[in-house]
Amino acid sequence: MKITKIAFALSLAAALALTSCASNKSPVTRVDSETVLDLSGNWNDTDIGIVCKSLIAEASNSPRIAKFEAENGRPPVVILGRIRNDSSEPADVIHTDIIAKKMENALVNSGVFDFVADAGDREALRAERMAQVDFTNPETAAAIGNETGADLMLVGSVKTSMEKSPDGKTESRHYYVYIQMQHLSTNKLWFSGENDEIKKLIKR
């Protein structure tokens, strides 16, 4: 009887240990941020990285941008406009806001462009300056009416070209990403770039 109780206790302990191990096993696997993951064939973070790297290099090395600086004696001041999703995929797949911000960050850090705050951030900055009028020492308060005006607006779009086989089991997707820098005063187009590197063949 005593042996039976000991065996039961050991079995119960083993079962609890296995249950604990199973419950502690995470369903998530961490991978390096540079790892290429293509789970569905949809637009993804790898595609964003490829496209942004290409277009940023193209914009930073543009003779037209160099001409602007030569003519004005300073880098062009850019404001971030809208990157439109003109593709066949929904907004929660294309993530044009991520494309826009990645481009803005890299272009600012390139030293070739100066950027000013976009519409959303600008309102917060203006509210803070107005608050400083009432509550901040005048010697340290930010000046009102001293904003830097933008010369160019960065805009763009993502488009897709799709084709399916007659049986619907194979699909090709070709992505086209465009960015432009438009002169705010004259509407002149100072830079236009295109990336069409992303093309996928998806088999169902």
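## Exercises on ring pairs and salt bridges

Both Trp43 and Tyr175 are buried. The model you are working with is predicted, and the exercises below start from these two residues.

**Exercise 1.** Work out how the rings of Trp43 and Tyr175 are arranged, and which parts they tie together.

*Solution.* Start with the count: the structure holds two aromatic pairs. In one of them, the ring centres of Trp43 and Tyr175 are 5.2 Å apart and the planes stand at 50°, so this pair is tilted. Next, place the residues: Trp43 belongs to the loop between helix 1 (2-24) and helix 2 (45-60), while Tyr175 belongs to strand 4 (residues 170-183). The pair therefore ties together parts 132 residues apart in sequence.

**Exercise 2.** Classify the pair formed by Phe68 and Trp190, and describe its setting.

*Solution.* Take the geometry to begin with. The centres lie 5.3 Å apart with the planes at 80°; planes over 60 degrees apart count as edge-to-face, so that is the class of this pair. Then look at the chain: Phe68 sits in helix 3 (residues 63-72) and Trp190 in strand 5 (residues 189-195), 122 residues apart. Now check accessibility. Phe68 has 2% relative accessibility and counts as buried; Trp190, with a relative accessible area of 9%, is buried too. Finally, see what lies over the face of Trp190: Arg64, at 4.4 Å from the ring centre.

**Exercise 3.** Find where the salt bridge between Asp47 and Lys200 sits, and decide whether each partner is buried or exposed.

*Solution.* The structure holds 13 salt bridges. In this one, the side chains of Asp47 and Lys200 meet at 2.8 Å, N to O. Asp47 lies in helix 2 and Lys200 in strand 6 (residues 199-203), so the bridge ties together parts 153 residues apart in sequence. For the accessibility step, buried means under 20% relative accessible area. Asp47 at 5% is therefore buried, and Lys200 at 10% is buried as well.

Methods. Residues numbered from 1 in each chain as written. Predicted model: local features only at pLDDT ≥ 70, side-chain atom pairs only at ≥ 80, totals over all residues. Heavy atoms only, no water. Phe/Tyr/Trp six-rings, centres within 6.5 Å; stacked < 30°, edge-to-face > 60°. Helix = DSSP H or I, 4+ residues; strand = E, 2+ residues; numbered from the N terminus. Buried < 20%, exposed > 50% of the residue type's maximum accessible area, 1.4 Å probe, protein only. Lys NZ or Arg CZ within 6 Å of the ring centre and 35° of its normal. Salt bridge = Lys/Arg side-chain N within 4 Å of Asp/Glu carboxyl O.
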